[in-house]
Amino acid sequence: MKRAIWLTFVLTFACAAASAQTGIKTVVKLLETRYSVHHHGVPALWLAKPFMFGSGVGGLKIAEFENFRVPTEDAGKLQQQIGAALGPEWFPFVETWSRRDQEWSVIYARESGDKMQLLIVTSEEKDGLTVLQMNVSGKARQEWFNEPVDCAKRDNKNQQTAKNGE
Amino acid sequence: MKRIFWSVVFLAASVIGSAAQDVIKVPESWDKLAAKADEVVKVTMDKKMLQFASKFMDNEGDEEGKRIITKLNGIYVRSLEFKNEGEFTEADVAPIRAQLQGPEWSRIVQVEHRSDQEHVEIFIKYVNNTAQGLVVLSEEPKELVLVHLDGPINPEDLDDLSGNFGIPKTVHAPKKAATQSKPATAVKK
């Protein structure tokens, strides 16, 4: 009996730990299954990391789906599925849709100790679909709370710069 | 036993249902409008997120903001920007306004700015003589903005929140708005 209790405890803990680390993986898997597409990482992402030192941004992970865009009519349904796949610990924070720029972004946030984890899904006409996960703390976190929409727009631009290696 | 079980389930569902009704329901027609809009922004900050944000508001000058958001249940912002005039009609806004017609809601500000063709209304919800929610509804020919602050709040608190948490910078407390030379600038995205 004792063994069963411990096993349940260990399993529960392991599941909780796994779900805490798999935000981006969950979303990437969902997109791959839903649209039969494959992601690829950003090869020289580590080069950008030293520049993030002291900015309050860390733990950056990016997955790209080049030449794939989320169909406009599917964005709402996809967002529901992303929310369901991520679970209740991730909450929808900002959603922006620009017909002018043919761009759709959805941002989920999650509390992670004194950090805030952000998961951003962006579909753009020019660069395709990108999923990004990062930790924000300090000033960066405050900026996200104060100006969530501006931060989302700025982040999209930074993301493109990092991907293009500019 | 079964009856007790179902009673508990029903009661729980009613409680959850009534809690959900506190948040202004954005009508489905707005999803259709969103498809026509040039820019759509939706910001959702529920109680959990506001509590989290408040933990880090320790800088000088943050005290008021922290006091306000700690009490709130949520901040919800929906903004639609259109390319052309006339993309939305009064019928699209009517379902929102209908939710603000109840006995608990009072319109405290209504501003019409003819040159900008801007129409701004601020509604406040009173429960037992205490303010329990605030809604800002701003209409321009090409723009529609809805801000809902759910929970205990005073109209004056708007000044401390404007420009933060996705609330447009020019959303101000009614008193200030009324004293401005251009009242319609009280709310502008």
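**Stop 1: a strand pair in chain A.** Select β4(A) and β5(A). These two strands pair in the antiparallel sense, with ten bridges between them. Pairing here requires at least two bridges found by DSSP. The strands are DSSP runs of E of at least two residues, helices are runs of H or I of at least four, and both are numbered from the N terminus.

A note before moving on. This is a predicted model: local features need pLDDT of at least 70, side-chain atom pairs count only at pLDDT 80 or more, and totals for chains, interfaces and linings use all residues. Residues are numbered from 1 along each chain as its sequence is written, while chains are lettered from A and ligands numbered from 1 in the order in which they are written.

Stay with the pair. Pick A:E111 and find A:M116, its bridge partner in β5(A). Now go to the turn. β4(A) and β5(A) form a hairpin with two residues between them. A:G113 sits in that turn, with a positive phi of about 65 degrees.

**Stop 2: along β5(A).** Select residues 115-124 of chain A, which make up strand β5. Eight of the ten residues are buried. Buried means that 20 or more other C-beta atoms lie within 10 Å of the residue's own; exposed means 12 or fewer, and partly exposed is in between, with C-beta atoms placed from the backbone.

A:T122 has A:T130 as its bridge partner in β6(A). This is another hairpin: three residues lie between β5(A) and β6(A).

Stop 3: Which residues does A:L118 contact, leaving aside its neighbours within four places in sequence? Select A:I107, A:A109, A:M134 and A:V136. Contact means C-beta atoms, placed from the backbone, within 7 Å.

A:L118 also belongs to the largest nonpolar core, which has 77 residues. A nonpolar core is a set of buried Ala, Val, Leu, Ile, Met, Phe, Trp, Tyr and Cys residues joined through C-beta atoms within 7 Å. Show A:V27, A:I107, A:L118, B:I75 and B:V147 together: they touch the most other members. In soluble globular proteins, nonpolar side chains tend to be buried together.

**Stop 4: where the chains meet.** Display both chains. The contact takes 19 residues from chain A and 19 residues from chain B. On chain A, β3 (91-98), β4 (103-112), α5 (138-146) and α6 (148-164) each supply at least two residues of the side that touches chain B. The largest share, eight residues, comes from β3(A).

Look for A:E95: B:K42 in β1(B) stands opposite.

**Stop 5: chain B.** Chain B has seven helices and six strands. Of its 189 residues, 35% are buried.

Stop 6: Select B:N128, in the loop between β4 (118-127) and β5 (130-140) of chain B. Its phi is positive, about 50 degrees, although B:N128 is not a glycine. Why does B:N128 count as exposed? Because B:N128 has 6 C-beta neighbours inside 10 Å.

Bring chain A back and select A:S36. It lies in the loop between α2 (23-35) and β1 (40-41) of chain A. A:S36 is a residue other than glycine, and its phi is positive, near 50 degrees. A:S36 counts as exposed because it has 8 C-beta neighbours inside 10 Å.

Key
Contact = placed C-beta atoms within 7 Å.
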